[in-house]
Amino acid sequence: MFERFTKGARDVVTGAVEQSERAGADSIDDGHLLLALLDREGTRASFALAALGADRRREDIVLALAEARRRGGLTHAETEALAGLGIDVEEIVSRVEQTHGAGALAGVGARRERKGIGAWIGHRGFTPGAKDILERALRIATARRDRSIGDEHILLALTTRPGVTAEVLADHGVTRLTVERVLYQS
């Protein structure tokens, strides 16, 4: 599949790896893909993000992703649903952080060395969610009859997979519908 990626899409994947490394994360997730997209300039996805104002709200997006990681990856909807059951997620996060340190639920700084066949020591893999985004990007490109997978397909895929990243994007006006309108004038 990677051979069908444009240079821009490959740069997003490489940028996501760099984002993960800078954050000290155990793996590369869809949030890292989004941050890598926000770092890009002169591409279809960067054009769409700029047209929708997301480039100007980058810091807000970074903070929203960090807060979700702190909550162990729970969306606001999941947090509210748990609150409806009498479970205070913020209280749980605070207690865990008191015992195990700040960001304990974020999966940062707890890298494990894997050894064995096919595993590299210190290798950061892609989370199932990030892999799903890349597969969705392929499906979106195929459905549009595009010959290659561009960074715009990754952006569209990020808007379609339920979870924190799609929620953060939607909170900042970036949905599949708005991206398609900007990119394809439909």
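The protein chain exposes about 10200 Å², of which carbon and sulfur atoms supply 53%; accessible areas come from the Shrake-Rupley method with a 1.4 Å probe, and for residues only the protein chains shown count as cover. This is a predicted model, in which local features need pLDDT of at least 70 and side-chain atom pairs count only at pLDDT 80 or more, while totals for chains, interfaces and linings use all residues. Residues are numbered from 1 along each chain as its sequence is written, and side-chain values use heavy atoms, with hydrogens and water left out.

The protein chain has 10 helices and zero strands, where helices (H or I, at least four residues) and strands (E, at least two) are DSSP runs numbered from the N terminus. Of its 186 residues, 39% count as buried (under 20% relative accessible area; exposed is over 50%, partly exposed in between, with a 1.4 Å probe and protein chains only).

The structure holds 11 salt bridges, each a side-chain nitrogen of Lys or Arg within 4 Å of a carboxyl oxygen of Asp or Glu; the table gives examples.

| Salt bridge | N to O distance |
|---|---|
| Aspartate 29 and arginine 69 | 2.8 Å |
| Arginine 70 and glutamate 67 | 3.3 Å |
| Arginine 176 and glutamate 180 | 2.8 Å |

Aspartate 29, in the loop between helix H1 (7-23) and helix H2 (30-39), lies 40 residues from arginine 69 in helix H4 (residues 58-70), and both residues are buried. Arginine 176 and glutamate 180 lie four residues apart in helix H10 (residues 176-184), about one turn of the helix. Salt bridges that share partners also join Asp132, Arg136, Arg139 and Arg161 into one network.
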